[in-house]
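The sequence and structure come first.

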Amino acid sequence: MAELPSIPEFYRNKNVFITGGSGFIGKVLIEKLLRSCPDIQGVILLMRDKKRRSFDERLHSITDSPLFAPLKSQQPEALSKIKVVNGDVTKIGLGLSPEDRQFLVDSVHVVFHGAASVRFDDALTDAVLLNTRGTRELVELVLEMRNLEVLVHISTTYCHTDQEVVEEKLYPPHADWAKTIRIAEEMDRHDLNLLTHKYIQPLPNTYTFTKSLAEHVVHDLCEGKVPAVVFRPSVVVVSSMSEPIPGWIDNFNGPVGLMVAMGKGIVRTMYSDPDISADYVPVDIIVKCMITASWIQATKRSQRLTPSFYNGSNNDIKPATGGQLQEMGKILCDKVPFNDILWYPHSEITKCYYNYFIKMIFFHFIPALVVDGLLRLIGTKPMLLRIQRRIYGANMALQYFCLNRWTFINEKTMGMRKLLLPSDVDAFSFTEDVEPFQFFLSATLGGRRYLLKEGDDTLDRAKRHSSRMWVASKLCNFLWDLALFWFIFVKIDIISVMTNMYGRWLEKCYFRLLDDSDMEVDYSACNKNQEIVERELTYIQEMRCWQWGPQRSIKYKRHIQSEYFNIVKKLIASGDLQTDNVEDLFRLPEVEVKSETAEGKSDGGEEVKVDSGIESMSSHSDKVCVDCGKFWEPPKAEVGSTYLTLNHKTKKWIKAELVEATPEGSFHLVATRHSQTFIVGAEYLVHPEPPPCLLRVGSRALAILNRTAETGEITRGRGAYQLGVVAEHPTAANRFRYLIIFDNGCWWYTSPKFVRPVYYSAERVWRCVPQITRSMVKHYLKGSYSPLGEYQRGDAVLVRKGEAGLENCSVIAVDTSLVLVWYQELAKSEWIHRGSPRLKLKLV
């Protein structure tokens, strides 16, 4: 029995044909064969013809890499063994000329097929023609080779992602490879794109699908004919561990590229599961395993013609999760910083897409827009936004692999070391003792040297710049946190918002509106006794007066005074407070206290006398109307002051500065926010603050309509400002609110703090309102409405609804001068004045 040759002896005087030699694995494979097998006869590369670069130029671009520096110093004549043939894997017959094809048939002994498209988003047509049909064309050439001893097909561990545990064997096909090639050749590519997702299921993309079909091409065509190996390296092949130089890499793929981008301050967030182990394998280990597998298959004494399958995965050999790699990257960025970083490195890994997307917008795209804008200003071509788009696209393409986990069995691959001859151990064996941190430290240094072209002599300067960026980062983070605190606790005043929300919740739980009188306690709505409920009522009343939180600005002074004044007027109306104490108690200089007296009835029906200039004003209420004795008169419009006006394009009320008042009565204003110019009449010039005294009945006002106009239901929130006509003053009977007839025909009681006076109101104000409400306003102000009818909840009433005649309704709420009626047939509600001629009590 012949003695088993060593690996260098096996490759002695043999020609090796390599496809994909210009790729990452291909370059390391060429260098390893020439350096560790010095008696190899030649390495033949298949290269496509490119118009702008000759074959010699492309070959020099490969051999001029630092990867080949040790080979040039040790064996300078070895590079002369590299030959190039013109061909294209995507073409029939590999695009070889008859002469080149015959040369390969006669001279090649070993074939490594690594040419493939590794893009996950390739169209199915392109992926099939390159990865699957290209493999078929190569195998057909291999079957013609007269001296062939072994074929090594480079696949991927992720071509069977439908299996949770991927063993070193052939799995059933996901489709018929011959039919798939025919479909890609004959079917319209656009139609096939529409069917791709359905056709490739259950695999995630065209890359894994076509690579899985290529395995079956090799198996079906080579079994029983030629020795073949299908080697599946991990999809994450990273920097070299030790050979020929530690840390060599020529692309930004995988964890090394991620660490480089993170170290530059470009990547701040990643979409991945931090608990999944990263299946990374050094490229020199992969190449050693491929060469050893070819030697084992070619020298087998049994089952030599049965294809063998190997998984080039690290499995449980020094595993590191994505979260561990992230923490490791933070340490490495401090230990080995890069030159001219954009920001201090910091990144987070999240498996929540929405969290990732928000951080991507704020930490990636917005800073990229800012930086690119600055680059444009200084005349430099922008680049960062393009890089961020590529990073986002790569993360989306890899999300399937980053969010799922598999187990790749690698027993046969690990068992190769036991089959090596003692003379091959040093050159082709590998160790498991290297710690991940030490490996990635070497890989990060390699990234500085070979990807970013940063010399080791710049490391000290990079550390100083990184320290400055750390200080800037901490300062910006502090200012951001301070601004966020100010916005939440000062601008929004979240404490006040939450306490007021709690107060409204208590009010909703314990109180209901019984009729047109004040709020009363509804003890049936809670399980608490009367004492507790009354105490909570007192708390709510206090909540209405105070604004909790740190805000103590002039903006809130008027609001607090207004709330105090409302309570004072209630106490005056009930006779519980003497009027000569009002000014001293609340110090409201805008409240004029006169010596006149006014008589009337309180809500309880008792006669009271008020010595405060309060007089009865409303002819439409049977209750006492409280007034300050002073009506608001429009002051002279001053140039430079801020007013409210209507933007007729957006139909919104905006703040604008008065720049000119013409003698004809028109006003020129400029919007404070967008600098738009408006020319309006006095009927669209509105005072920006609530009036310090009462508005006359019949005057125009801008007020908040805090309800849904179509249904009559009260809505939460401030509502929208709309023009209207004042129908009632604030009185004790209406709980000190203005009754407004809005221009859309709605009636509503509005708090004085949400009312703004209009500078101009015609004597016959109904001529200023839209046609749909003109008649209603005219009849109300002329006293044509009937005295207020007595209505209670549950009363059946008739309501005139336009030309439809009378509608049967029921009263569901009463609020002072208004009743809320329910249209039974229309399933809608509406607020109507109790004296309206539209409203009649239905006789039972």
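## Packing of H5 and H6

Helices H5 (residues 98-107) and H6 (residues 124-144) have axes that come within 8 Å and cross at roughly 55 degrees. Axes are lines fitted to C-alpha atoms over the stretch in contact, with angles from 0 to 180 degrees between N-to-C directions. Helices (H or I, at least four residues) and strands (E, at least two) are DSSP runs numbered from the N terminus.

On the H5 side, Arg101, Leu104 and Val105 meet Glu140, Leu141 and Glu144 of H6, contact meaning heavy atoms within 4.5 Å.

## Basis of the model

The model is predicted: local features need pLDDT of at least 70 and side-chain atom pairs pLDDT 80 or more, while totals for chains, interfaces and linings use all residues. Residues are numbered from 1 along each chain as its sequence is written, and side-chain values use heavy atoms, leaving out hydrogens and water.

## Nonpolar cores

A nonpolar core joins buried Ala, Val, Leu, Ile, Met, Phe, Trp, Tyr and Cys residues through side-chain atoms within 4.5 Å; buried means under 20% relative accessible area (1.4 Å probe, protein chains only). The largest has 75 residues, of which Tyr11, Ile18, Leu33, Leu34, Phe112 and Phe440 touch the most other members. Helix H11 (residues 283-298) gives the most to this core, eleven residues.

Leu33 touches Ile291 and Val16, among others, not counting residues up to four places away in sequence.

## Annotated domain

The unreviewed UniProt entry places "domain: Histone methyltransferase Tudor" at residues 695-751 and 808-840. Residues 808-840 are 0% helix and 67% strand, with end C-alpha atoms 10 Å apart.

Note on methods: Buried means under 20% relative accessible area, exposed over 50%, partly exposed in between (1.4 Å probe, protein chains only). UniProt positions are given in the numbering used here, feature names are shortened, and annotations may be inferred rather than shown by experiment.
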